[in-house]
Amino acid sequence: MDIRTLNADIAVGPQITPADVAALAAAGYRAILCNRPNGEGADQPGFAEIAQAAQACGLPVHHLPVESGTVRDEDAQAFGVLLASLPKPVFAYCRTGTRSATLWALSQATKLPLPEILQRARSAGYDLQAVVRRVANGGQTPGGAIDATHDIVIVGGGAAGAAVAASLLARRRDLDIAIIDPAEVHYYQPGWTMVGAGVFKPEVTARTMASVLPRGVRWLKGAVAAFESERDAVVLDGCRVVRYRQLVVCPGLKLDWQAIPGLPETLGRHGVTSNYRYDLAPYTWELVQRLRGGKAVFTQPPMPIKCAGAPQKAMYLSADHWRRQGVLDQVDIDFCNAGAVLFGVADYVPALMEYIAPTACT
Ligand SMILES: Cc1cc2nc3c(=O)[nH]c(=O)nc-3n(C[C@H](O)[C@H](O)[C@H](O)COP(=O)(O)OP(=O)(O)OC[C@H]3O[C@@H](n4cnc5c(N)ncnc54)[C@H](O)[C@@H]3O)c2cc1C
């Protein structure tokens, strides 16, 4: 666990796990503040899981979710009010700790001198250069001047953003392209199906963002907070303003675990797993290996989902493992599909249609 002290009242850090909560209590922290919205990342335990662990340790815990790249002035004010009311020291976290540190800095803008705020954040490992103008302005967003201009600005350095940049550069090498993405890690998500089947190790599906972006592309590490299309610009977390001639937007899909009541509380435990999360795909493989008989239920949510084939692929690969272990006959497999059809393109996979006997659910 990574704890970064800002002052005697507060420390911040990256995403914690339920297992970290007891260590925080033992280290003397008296309250936990989560600034990360649920379902933001592919490797993120939900707030309910953290809250459950905190309650077991007797720690007050609060959820003040702030969208990545969208730290609003009112979020910082709410953070300041909460911080003042909680028993101290408080531990606040988000994906990396930057959002929590930014909220703290903005909330302290009228209480501490600017150099002290920046110095304390810098000592904790956070460069708050992007919000200096706001901190200097008493925690309020000032009107923004243009900080950079590029021919093409691509929002998101996932599979889509990286591929679009590579494709454009293959056509015109001299294009000035910037990709904006706050993530340090780029995940090869289709590989998680293979992790869940024991074919890949999880780490082969994760690469540093810097290593996968096409050469010649400028990576602006930050999150887009707002689009200002009337002046062909995007505004980054803090106030950095980046102008473009053409804009490509590919920030990916956001998973909504909360849409299924009870799921966030049980995901990753009690035999409930999902290959749609980096940290849970290994648990899928653990469960598949452990099952020697009984019932296995695979589910496919309604569209839009990241990969329409992934739920079925998990089932076929699991069944193949049970077949090779000689236990397939003892496993009763259900595939629950929320969609109307198994495949959008029926002719593509007629053979597969024969493996699953359809039954209507009531
Ligand atoms: C288990 C699994 C199996 C799959 N199998 C297949 C398969 O077999 N075949 C297939 O074709 N597809 C498959 N997919 C789907 C495929 O992985 C996705 O379609 C693809 O990764 C989507 O790419 P993307 O760039 O749109 O989004 P992502 O890869 O999710 O990237 C989005 C990026 O945008 C960034 N971002 C978000 N918000 C902001 C912001 N405000 N500012 C700046 N940046 C931002 C994020 O940090 C992220 O890096 C699978 C997916 C999963 C999960």
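The following legends describe close-up views of a predicted model.

**View 1. Domain division of the chain.** The chain falls into domain 1 (4-136), domain 2 (148-249) and domain 3 (257-353). Between the C-alpha centres of domain 1 and domain 3 the distance is 36 Å. Contact between these two domains involves seven residues of domain 1 and eight residues of domain 3. On the side of domain 1 that touches domain 3, two residues are nonpolar, three are polar and two are charged.

**View 2. An open sheet of five strands.** The strand order is β1-β2-β5-β3-β4, and the pairing is mixed. The edges are formed by β1 (4-7) and β4 (61-63); each has a single partner strand, so one side of each has no neighbour in the sheet. On average, neighbouring strands of this sheet are turned by 25 degrees against each other, direction ignored.

**View 3. Pairing of β2 with β5.** Strand β2 (residues 10-13) runs parallel to strand β5 (residues 90-93), and four bridges join the pair. Ala11 is placed opposite Phe91 in β5.

**View 4. The shell around the ligand.** Domain 2 (148-249) and domain 3 (257-353) both contribute residues to this shell, so the ligand lies between them. There are 28 residues around the ligand, of which Gly156, Gly158, Gln189, Gly252 and Cys307 come nearest. By class, the shell consists of 15 nonpolar, eleven polar and two charged residues.

**View 5. Helices at the ligand.** Both α7 (159-171) and α8 (191-196) supply at least two residues each to the shell around the ligand. The most is given by α7, with three residues.

How values were computed: Residues numbered from 1 in each chain as written. Predicted model: local features only at pLDDT ≥ 70, side-chain atom pairs only at ≥ 80, totals over all residues. Pairing = 2+ DSSP bridges. Axes fitted to C-alpha atoms, helices over the stretch in contact; angles between N-to-C directions. Domains from an automatic or database assignment. Nonpolar A, V, L, I, M, F, W, Y, C, P; charged D, E, K, R; others polar. Near = placed C-beta within 6 Å.
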